[in-house]
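I opened this notebook to keep a record of what I looked up, going from the whole chain down to single residues. Each entry holds what I found at one place.

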Amino acid sequence: MDMNKRETSITGKVSGKSNQGKVYLVGAGPGDPGLITIRGREILEKAEVIIYDYLAGKKLLKHVPPDAEFIYAGKRGGVKHTHTQTEINEMLVERAKSGKRVVRLKGGDPFIFGRGGEELEEVVKAGLNYEAVPGVTSASAAATFAGVPITHRKFTASVAFITGHEDPTKQKSNIDWEKISTGVGTLVFYMGIKNLSSITANLIKNGRDPKTPVAVVRWASMPHQRSVVGTLDNIAEIVKKEGIKPPALTIVGEVVTLRDTINWYEKRPLFGKRILITRTREQASELVARLEELGAECLEYATIAIQPPDSWEIFDKALVDLGHYQWILFTSIHAIHAFFGRLYEKNLDARALSGCRIAAVGTVTAECLEKYGIKADLLPEKFTGEGLAAALENVGIKGTDILLPRALKAREVLPEQLEAAGAGVTVAPVYQNVIPEGYDRKLRAELVENGIDMVTFTSSSTVNNFIHMLGVADDEAARLLAGVKIAAIGPITGKTVAEHGLIVDVQPETYTIAAMADAILDYDWS
Ligand code: SAH
């Protein structure tokens with residue numbers, strides 16, 4: 001990341017004060033976390049303070065360093081504001097003055113109905129450094145994700161973004177209704193759901209054809225997006241009947257008819273399906289990425305968490321005299337992080353390993369070791385415990401002392417094989433796998449209140465741990481999961497599902513994530 005380099009030039013341009021913090025006004029985009037700009041994400045990754053709004057995608061907060069100060073600024077139409085605008089301005093200025101990199105993250109584009117201008121005026125008044133990053137505004141997202149090109153050569157050459165917050169019946173309006181009603185092709189109203197009937201009535205009154213097509217899009221770009229279509233003279237009624245609530249945008253204009261042809265987003269095969277993904281630690285989000293691309297809304301739940309061991313006794317004893325070991329073996333990245341974490345806690349560093357040779361079980365662990373300044377001396381051909389044992393036997397380990405920092409519970413083949421080959425092995429627990437606690441109520445609420453269409457399992461332990469996480473007995477779990485489809489990656493996982501009294505609906509022929517995603521795609525939901 002060349003942020004520092006770029007920043008120097010921008011800081012120089014704006015005010016040239018280097019001894020103070022800086023305010024970054026960043027557009028988060030409309031909700032889909034993939035729609036923030038690259039620059040915006042770079043800034044989030046270096047934030048020291050982050051002040052975010054209701055509509056600034058929560059999922060983006062994962063880019064912010066966990067030790068940053070997180071401030072929720074609230075602001076939600078109709079709901080009591082968490083902080084007033086003045087308080088927000090004050091927080092921005094005060095934090096930046098104390099030398100912090102303060103990120104103000106706002107939904108959509110900060111300068112489009114986002115009060116970004118007002119906040120920056122305060123920042124400028126305070127003489128602070130600042131930078132502004134635009135975002136995809138929700139009008140643009142709503143149009144794209146509802147299949148409505150906001151302009152089109154055949155239909156219109158102009159578009160207007162208008163606030164619908166202002167009651168059109170009020171005496172002195174900032175909006176020239178007479179001119180916009182007929183003078184602009186496409187009209188997009190932000191914040192206009194509450195006033196929709198008076199907005200449409202006003203447009204008709206001022207000469208717009210009552211049969212002009214209108215689309216209303218809620219939660220644009222999100223998996224739970226909803227949209228309805230009508231005409232100026234009936235859309236308010238449709239919105240009311242369909243229960244469409246804010247946040248939603250209203251798009252008025254002939255371009256709305258093109259939706260019949262290019263409504264791609266809502267036509268994706270799994271659109272509208274909510275799938276609960278039980279994850280193991282190792283699994284990257286491949287399944288989620290595939291299902292989301294097919295349109296599903298995925299809720300991820302890790303069924304395994306890493307914790308320190310109950311006792312550090314064995315490891316601490318080994319640490320006192322690390323030089324005594326000819327070999328230290330690393331079989332997982334968790335072991336590496338835990339090993340060095342404890343080493344540093346004891347005021348030691350990588351030099352403590354100088355007398356030992358180091359083996360890694362595979363390329364991922366070897367790369368992880370490099371981050372701690374260690375190059376592995378040995379990497380087996382086969383990246384398994386057995387492979388590592390064979391490689392060590394090849395170099396000759398008879399009579400050597402070997403340290404194996406690892407999980408509290410793990411397969412015993414590696415230490416057994418090494419001992420059989422004449423080595424002395426110290427197995428030192430440095431972490432343990434536990435079932436995450438405290439999700440029971442949330443999970444049950446998700447199943448009962450919000451509704452889940454499918455749960456996926458990719459190993460027997462995901463099944464067992466998930467049932468455990470629900471915090472209820474098997475028969476109650478079966479009741480909660482009635483109507484929820486179950487996907488299992490293969491027969492062993494499927495058998496575990498059945499053992500809990502549940503029925504498998506989807507099981508791929510081959511036991512891979514790709515095949516599982518395909519099988520879910522092919523599933524007949526009817
Ligand atoms: N700065 C924001 C707009 C903030 S005003 C932007 O550029 O998008 C808040 C209004 O924006 C909401 O009332 C709603 O009309 C609209 N809005 C924001 N996000 C939206 C979304 N994902 N889907 C539909 N409308 C949205």
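**Entry 1: the whole chain**

I first noted that this is a predicted model, and I kept that in mind for each later entry. I then looked up the secondary structure of the protein chain, which comes to 20 helices and 19 strands. For the overall dimensions, I found that the C-alpha atoms fill a box of roughly 95 × 65 × 40 Å, taken along the principal axes.

Next I asked how much of the protein chain is buried. Of its 526 residues, 49% are buried. The chain exposes about 25,900 Å², and carbon and sulfur atoms supply 52% of that area. I also looked at contacts between residues with a separation of 6 or more, and residues 24 or more positions apart account for 68% of them.

**Entry 2: the domains**

The domain assignment gives domain 1 (20-135), domain 2 (140-267), domain 3 (274-304 + 436-522) and domain 4 (307-433). I noticed that domain 3 is written as two stretches of sequence, 274-304 and 436-522. I then looked up how far apart the centres of domain 2 and domain 4 are, and the value, taken over C-alpha atoms, is 62 Å.

**Entry 3: around the ligand**

Which residues come nearest to the ligand? There are 17 residues around the ligand, and Ile-112, Thr-137, Ser-138, Ala-220 and Ala-248 come nearest. By class, this shell has 12 nonpolar, 4 polar and 1 charged residues. I also checked where the shell comes from, and it draws at least three residues from each of domain 1 (20-135) and domain 2 (140-267).

I then looked for backbone N or O atoms beside the ligand. One such atom of Pro-30 lies 2.9 Å from a nitrogen atom of the ligand, while one of Met-191 lies 2.8 Å from an oxygen atom of the ligand. Ala-248, which I had already listed among the nearest residues, also has a backbone N or O atom 2.8 Å from a ligand oxygen atom. The protein covers 91% of the 540 Å² of accessible area that the ligand has on its own.

**Entry 4: Glu-297**

I moved on to Glu-297, which is found in strand β12 (residues 297-302). Is Glu-297 buried or exposed? Its relative accessibility is 16%, and because buried means under 20%, Glu-297 counts as buried. The side chains of Glu-297 and Arg-274 are joined by a polar contact of 3.4 Å. Leaving out residues up to four places away in sequence, I found that Glu-297 touches Pro-223, His-224, Lys-273, Arg-274 and Ile-275.

I next went through the backbone angles. Pro-246 and Pro-247 are joined by a cis peptide bond, with omega about 0 degrees. Pro-247 is found in the loop between α8 (235-242) and β10 (248-252).

Arg-115 has a phi near 60 degrees, which is a positive value in a residue other than glycine. Its place is in the loop between β4 (101-106) and α4 (116-125). With a relative accessible area of 39%, Arg-115 is partly exposed.

Asn-347 also is not a glycine, and it has a positive phi of about 60 degrees. I located Asn-347 in the loop between α12 (333-345) and β15 (357-360). Its relative accessibility is 74%, and since exposed means over 50%, Asn-347 counts as exposed.

Ile-333 lies in helix α12, and at 30% relative accessibility it counts as partly exposed. Setting aside its neighbours within four places in sequence, I found Ile-333 in contact with Val-364, Thr-365 and Cys-368. I also looked up Ile-333 and Ile-467, which are 134 residues apart in sequence and 27 Å apart in space, C-alpha to C-alpha.

Lys-267 counts as exposed, at 56% relative accessibility. The C-alpha atoms of Lys-267 and Lys-100 are separated by 45 Å, and these two residues are 167 residues apart along the chain.

Notes. Residues numbered from 1 in each chain as written. Predicted model: local features only at pLDDT ≥ 70, side-chain atom pairs only at ≥ 80, totals over all residues. Heavy atoms only, no water. Near = heavy atom within 4 Å. Polar contact = N/O pair within 3.5 Å; in protein donor to acceptor, adjacent residues only side chain to side chain. Areas by Shrake-Rupley, 256 points an atom, 1.4 Å probe, with all protein chains shown as cover. Nonpolar A, V, L, I, M, F, W, Y, C, P; charged D, E, K, R; others polar. Domains from an automatic or database assignment. Helix = DSSP H or I, 4+ residues; strand = E, 2+ residues; numbered from the N terminus. Buried < 20%, exposed > 50% of the residue type's maximum accessible area, 1.4 Å probe, protein only. Contact = heavy atoms within 4.5 Å.
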